[in-house]
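Subject: Structure for you to look at

Hello,

Here is the structure I said I would pass on.

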Amino acid sequence: MEALLCKRLGDPASASASASASASASASVGNNSESSPSPIEIIRNHPIPELDSPTAVRVKVKATSLNYANYLQILGKYQEKPPLPFIPGSDYAGTVDAVGPSVTKFKVGDPVCSFAALGSFASFIVQDQSLLFGLPKGCDLVAAAALPVAFGTSHVALVHRANLTSSQVLLVLGAAGGVGVSAVQIGKVCGAVVIAVARGAEKVQFLKSLGVDHVVDLSNQNLTASVKEFLKSRNLKGVDVLYDPVGGKLTKEAMKLLNWGAQILVIGFASGEIPVIPANITLVKNWTVHGLYWGSYRIHRPAVLEDSIRELLSWMQKGLITIHISHTYSLSEAHLAFSAIKDRKAIGKVMIAFDDKGRSKL
Ligand SMILES: NC(=O)c1ccc[n+]([C@@H]2O[C@H](COP(=O)([O-])OP(=O)(O)OC[C@H]3O[C@@H](n4cnc5c(N)ncnc54)[C@H](OP(=O)(O)O)[C@@H]3O)[C@@H](O)[C@H]2O)c1
């Protein structure tokens, strides 16, 4: 099978990764040069994973999504550091290819989506039936592959943790990115007043098309001034829920906009800078700070996570949420997919699709 292997830590978006990824595309594992400067290699004849238990299911992957965490993991900067070599990748969708003798929930050919700690950057993956979600026949598998991590994170954060309601103001940083777009949409489903923060005209235009109440363009606007003017125009006092996948200086600035009793959802640090949330101000203002590591819900609260994905799939079917994909690449173009993330070109999700001929910008 085709698989992307991370053989060493480094930048998968680097120019040399591009040359190596395509040069090794036709090579076997044994022929791939250890001297390649690229951390990633495409292996054409990687062994197809075997069913490893009576309830295991093998899925033929149609598409897998790129998450910022996948990029950080190959750089060696993510909290989970698997031993080398590893196949990266977390969320995916595809069709059931083989089932163990005790599998009751799925049969060969069923469309499914799921997420794994590792391994979805490959044309086949094996997981237990309990970890898979059935999809309606005819469901867009590329879209379904984009849903679990990004929408799952925002749903658990906003619905389960923050209990976002229609009387509240939600401020979403990094709003045009993978988790940001999902947070904006879930905010609208909850009926909240949604303020989105992004950089550049294309992202702002896109966010306006989602029906957000206000967009701040950081390329030419000041966050505090722009949000305060908007709140005043709506006779609103401040922000009730801050959704923060960016961190750094932006978090510090956003804290100036928070109401008494506000909630801060610490999602990630795309800026590369971990912000300080002062405990004294948290006390005085009665803030609640939620650290949220979505993947760990599978270990500690699996039912929350499963209910959340089911609800999201039903919202997707009803058209309440839409998956936005700005770039789709083949596996051998993975370096370009990582570049789209690194260079902040992604609007919504960046995907890797199998069987796709060449690159496309949807
Ligand atoms: N806690 C969890 O369980 C969980 C789950 C999923 C993701 N995350 C984290 O959430 C963060 C965002 O993930 P994502 O998949 O949404 O990433 P993404 O699609 O690349 O979006 C990140 C956004 O952050 C903004 N940004 C600001 N400064 C940046 C910088 N220096 N470099 C790159 N982006 C910058 C960019 O918006 P502008 O260009 O418009 O400023 C970009 O759209 C990551 O840190 C990721 O690890 C956490």
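This is a predicted model: local features need pLDDT of at least 70, side-chain atom pairs count only at pLDDT 80 or more; totals for chains, interfaces and linings use all residues.

Is Asn 163 buried or exposed?

Overall layout

The chain has 12 helices and 15 strands. Its radius of gyration is 21 Å, close to the 21 Å that the globule rule gives for 362 residues, so the chain is as compact as a globular protein of that length. Along the principal axes, the C-alpha atoms fill a box of roughly 65 × 45 × 35 Å. Of the 362 residues, 47% are buried. If you take the contacts between residues at least 6 apart in sequence, 68% of them join residues at least 24 apart.

The two domains

The domain assignment gives domain 1, made of 3-147 + 323-353, and domain 2, which is 150-296. Their C-alpha centres lie 30 Å apart. Where the domains meet, 9 residues of domain 1 are in contact with 11 residues of domain 2. The side of domain 1 that touches domain 2 consists of 5 nonpolar residues, 3 polar and 1 charged.

The ligand

The shell holds 30 residues, and the closest are Gly 174, Gly 177, Gly 178, Gly 268 and Trp 294. By type, the shell divides into 17 nonpolar, 10 polar and 3 charged residues. Three helices each supply at least two residues of it: H2 (68-75), H4 (148-161) and H5 (178-189). The largest share, 3 residues, comes from H5.

Ser 154

With 30 other C-beta atoms within 10 Å, Ser 154 is buried; the cut-off for that is 20 or more. Leaving aside neighbours within four places in sequence, its contacts are Val 179, Ser 182, Ala 183 and Ile 186.

Paired strands

Start at strand S3 (residues 56-66), which runs antiparallel to strand S4 (residues 91-99) and is joined to it by 7 bridges. Within that pairing, Ala 63 stands opposite Ala 93 of S4. S4 also pairs with strand S5 (residues 111-115), again in the antiparallel sense, over 5 bridges. There, Tyr 92 has Ser 114 of S5 as its bridge partner.

S3 has another partner in S15: the two run antiparallel and are joined by 4 bridges. Thr 64 stands opposite Ile 352 in S15. S15 pairs with strand S14 (residues 325-329) too, in the parallel sense and over 4 bridges. The bridge partner of Tyr 329 in S15 is Ile 352, the residue that stands opposite Thr 64. How many of the 5 residues of S15 (residues 349-353) are buried? The number is 4, so S15 is largely enclosed by the rest of the structure.

Loops and backbone details

Now back to Asn 163, which is found in the loop between H4 and strand S8 (169-172). Asn 163 has 11 C-beta neighbours inside 10 Å, so it counts as exposed; the cut-off is 12 or fewer. Its phi is positive, about 50°, although Asn 163 is not a glycine.

Asn 286 is found in the loop between helix H9 (279-284) and strand S13 (288-291). Its phi is near 55°, a positive value in a residue other than glycine. Asn 286 is exposed, because 10 other C-beta atoms lie within 10 Å.

The last item is a cis peptide bond, from Leu 84 to Pro 85, with omega near -10°. Pro 85 is found in the loop between H2 and S4.

Regards

Terms used:
Residues are numbered from 1 along each chain as its sequence is written. A residue is near a molecule or strand if its C-beta atom, placed from the backbone, lies within 6 Å of it. Ala, Val, Leu, Ile, Met, Phe, Trp, Tyr, Cys and Pro count as nonpolar, Asp, Glu, Lys and Arg as charged, and the others, Gly among them, as polar. The radius of gyration is taken over C-alpha atoms; the globule rule is 2.2 Å times the number of residues to the power 0.38. Two residues are in contact if their C-beta atoms, placed from the backbone, lie within 7 Å. Two strands pair if DSSP finds at least two bridges between them. Domain bounds come from an automatic or database domain assignment.
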